[in-house]
Amino acid sequence: METFLFAANAVLPIVLLVVFGYVLKRIGLVDDRFLTTGNRFAFRALLSVLLFYNTYNIEALDWSDLAFMLYAVAATLVLMGVGLLVTLRYRSDPAARGALVQGVFRSNYA
């Protein structure tokens, strides 16, 4: 049950935010232009600030499992290379390659 609550605390706020945005768009409170501008602002400005803030506030890193951390980095790099080779071979549209490669190697080692 503890694992479920941990996962719910991580995922539920995002799901509720998406539902909230959907409802606002359905009732006409926001339009496509606002959403495009808001998304651009969130990803280009606010996400950078959040990442800096979270990194700055790390109290201590536990390096006790350095072998696993190195494995995770190596596995991610290998998967990224494989994804890049596969998408270069089978995808002719350059605009879609980045998303496909990211989808192949994206992972959650946290």
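Start by selecting tyrosine 56, which at 63% relative accessibility counts as exposed. What you have open is a predicted model.

Why does about one helical turn separate phenylalanine 52 from tyrosine 56? Because they are four residues apart in helix α2. An α-helix has 3.6 residues a turn, so residues three or four places apart point the same way.

Next, show all of helix α2, residues 32-56. Its 25 residues reach 35 Å from the first C-alpha to the last, close to the 36 Å expected.

Select phenylalanine 68 and tyrosine 71 here: they make a tilted aromatic pair, 6.3 Å centre to centre with 35° between the planes. Being three residues apart in α3, they are separated by about one helical turn. Phenylalanine 68 is partly exposed at 37% relative accessible area, while tyrosine 71 is exposed at 52%. The count of aromatic pairs comes to two.

Which residues of α3 are buried? Select Ala72, Ala75, Thr76, Gly83 and Thr87 to see them.

For the last stop, pick arginine 89 and tyrosine 90: the arginine lies over the face of the tyrosine, 5.5 Å from the ring centre.

Definitions and conventions
Residues numbered from 1 in each chain as written. Predicted model: local features only at pLDDT ≥ 70, side-chain atom pairs only at ≥ 80, totals over all residues. Heavy atoms only, no water. Helix = DSSP H or I, 4+ residues; strand = E, 2+ residues; numbered from the N terminus. Expected span 1.5 Å × (residues − 1). Buried < 20%, exposed > 50% of the residue type's maximum accessible area, 1.4 Å probe, protein only. Phe/Tyr/Trp six-rings, centres within 6.5 Å; stacked < 30°, edge-to-face > 60°. Lys NZ or Arg CZ within 6 Å of the ring centre and 35° of its normal.
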